[in-house]
Amino acid sequence: MRTFVYTSRPSRVVFGAGTVGRVAEEVERLGCSRVLLLAGPSLAGIAARVREVLGDLVVAEFDGAAMHTPVEVTARALDVLTEVSADVIVAVGGGSTTGLSKALAVRTDLPQVILPTTYAGSEVTPVLGETRDGRKTTRSSPAILPETVVYDVDLTLSLPLPLTVTSGINALAHAVEALYAPDADPVTDQQALDAIARIGRALPRLAADPADPEARSDLLYAAWLAGTCLATVGMGLHHKLCHTLGGSFGLPHAETHTVVLPHAMAYNAPAAPETMRRIAEALGVPDAPSGMYDLIVSLAGPTSLRDLGMAESDLARAADLAVATPYPNPRELTADGIAGLLAGAWRGSRPEGPPSTEAALARLTEEVVASFARTPDPRVRTLMSDLVRRLHAFVAANDVTDAEWQYAIDFLTRTGQICTPTRQEFVLLSDTLGISSAVDLLTNSRTPHTTPSAVLGPFYVAGPPETPLGSDISGGLHGTPLWVDVRVTDTDARPLKDAVVDVWQSNEDGFYDVQLPDLDGPVLRARLRSGGDGRITFWSILPAHYPIPADGPVGQMLDAVGRHPYRAPHLHFMFDAPGHRRLVTQLFVAGGAYLDSDTVFGVKDALVVGFTPQSGPTPDGRRVDGEWRRLDYTFRLAPLAG
Ligand code: NAD
């Protein structure tokens, strides 16, 4: 059983995109009407947006905040605040602007509304670090804790990638140290682990696309969680070292956190193995300290104190300062140990993880991912990085052997070699693995009120012969005659004229014309054009169920997994209408075989329709002896976006 004390800090949090629009409301909610607006230097555009929302509530502005909150800057801002009798502070910017707001609040007891634009987390802590005569001191008080935090994801979109990375790692550091704090509690643990996992996922996505709104949102949410951890439990070696390096050697805040974190973790790892295991799990790496280092390298973040401008001759003094006053830390602080840690951080060496295949594999994966760093197209970079990560994870999780990998390469080689202009084995492979249907779902299911799409399949041949409405496309092949009478409309049921409609299907034995070399010309495939009433009519024959070509690698795969190769009977359609999105789909014969086990996973309920048995006179007077079938259907096409 765990015994703990948990104290929550009372702040109000408004989170979302565009929440800056609610800042005036939040000021009034505090009963205030005279705003001193603090805006980070170089954030003119963002400040203008806040000013616009606050309007007449703003009585003065100050944009001189500086890192580590120098007391001289606070004094100047305090003069402005006093002169205009402000009754609330609204601060928009990073940790430096928040620091100035806190310094003013602790001197005046005024309430604060903070709009963070970085991931520092200061906005939810009751802690203030200030510098006087080059020395940084820290104090804590309930008066320092901001009353309201408005997190607006939109305000973080402009944060340049290098700052995003270092600020994100700064947040990670709060979460990491919260997990081994002596006063840790289960609530904070969960917040810390959630923050670590989110940051570990969001940063690589932002490296590929810094404007990815979902990743930005995840990162800002994680920054709040991590800041809350920082506010709730005591920090250890890592924060003390960064405090010393920033306060006494003038090193930049977030960059210093980024360089030191893997080394501080490696130092503490032997004394906190369970914490490191949980961090490694949250990050999805085999070893937490070296995994953290690899993550930073893959994000092109800083890795050495030397590159941040620290002189090697200052290392000994930094080590002395760091061990001068004792504080809780999982591993005892020794002068030699800290000197070694700082020397490694100064050189930027990778902290050694336990020697293991997993660690070597993780290094290899990151090396390959890092090789995509200069890919000009961000989408290509995202896809390649994720593909490599997943393939490596697949190989590792299944302990794939040499022979198995050789077989896989041989399988893909044969899949390519069997392809011809009329046989597409790769499409078959994609279809039978359900990937074509998955991509189709993602691409097309986002359009409501339209006819569902279905996969193109391997038998489409571009540019079929244009055929008049009412023609017979069966080329005289034997089968149950089928009269097709379908309509093409928009989503408001208005008929679409001049829609180009390609149709194709198998014969009675389940073969397409391209599979029958003796057949002359395109048969059971045609291009028709809708008339003014949006109608398409033609004669064909009832399609049959059929096996996909099973004499190649895909057939072997189906055999190996005990699956049949059959497709449910269907008729293919492709629609191109001016001003509308292309629709590729299939209509399945209700009651046909294999509807519930179609080998390419193409059947959707809305596409299973009656090919209704008929007898007697036909719609166009054509003479048919015996049974014929009739297909009536209305296709609804989505308008082109924009
Ligand atoms: P910062 O506030 O100094 O900002 C870094 C740079 O980023 C600045 O140049 C700023 O103008 C720019 N910037 C910020 N947001 C931007 C945006 N959206 N778009 C473009 N540029 C943007 O740096 P920081 O890392 O956020 O904060 C560091 C300070 O915060 C340090 O003084 C540190 O001690 C303090 N801090 C305090 C606590 C606490 O709990 N007391 C916690 C974390 C950090």
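Two strands pair if DSSP finds at least two bridges between them. I note this first for the sheet entries below. The model I am reading is predicted.

**Entry 1, the sheet.** I started with strand E10 (residues 500-504) and strand E15 (residues 570-576). They run antiparallel, and 5 bridges join them. As a reminder to myself, strands of a sheet pair through backbone hydrogen bonds, either parallel or antiparallel.

**Entry 2, the ligand shell.** I listed 24 residues around the ligand, and the ones that come nearest are Gly95, Ser96, Thr117, Thr118 and Thr125. By class, I get 11 nonpolar, 11 polar and 2 charged residues in this shell. I also checked which element supplies the largest share: helix H4 (residues 95-108), with 3 residues.

Ser96 places a polar side-chain atom 2.6 Å from an oxygen atom of the ligand. For Gly95 the atom is a backbone N or O, 2.7 Å from a ligand oxygen atom. Ser42 has a polar side-chain atom at 3.1 Å from an oxygen atom of the ligand. Last, I took the area: the ligand alone exposes 870 Å², and the protein buries 84% of that.

Key: Residues are numbered from 1 along each chain as its sequence is written. This is a predicted model: local features need pLDDT of at least 70, side-chain atom pairs count only at pLDDT 80 or more; totals for chains, interfaces and linings use all residues. Side-chain values use heavy atoms; hydrogens and water are left out. A residue is near a molecule or strand if one of its heavy atoms lies within 4 Å of it. A polar contact is a pair of N or O atoms within 3.5 Å; within protein, one must be able to donate a hydrogen and the other to accept it, and residues adjacent in sequence count only if both atoms are side-chain atoms. Accessible areas come from the Shrake-Rupley method with a 1.4 Å probe; for residues, only the protein chains shown count as cover. Helices (H or I, at least four residues) and strands (E, at least two) are DSSP runs, numbered from the N terminus. Ala, Val, Leu, Ile, Met, Phe, Trp, Tyr, Cys and Pro count as nonpolar, Asp, Glu, Lys and Arg as charged, and the others, Gly among them, as polar.
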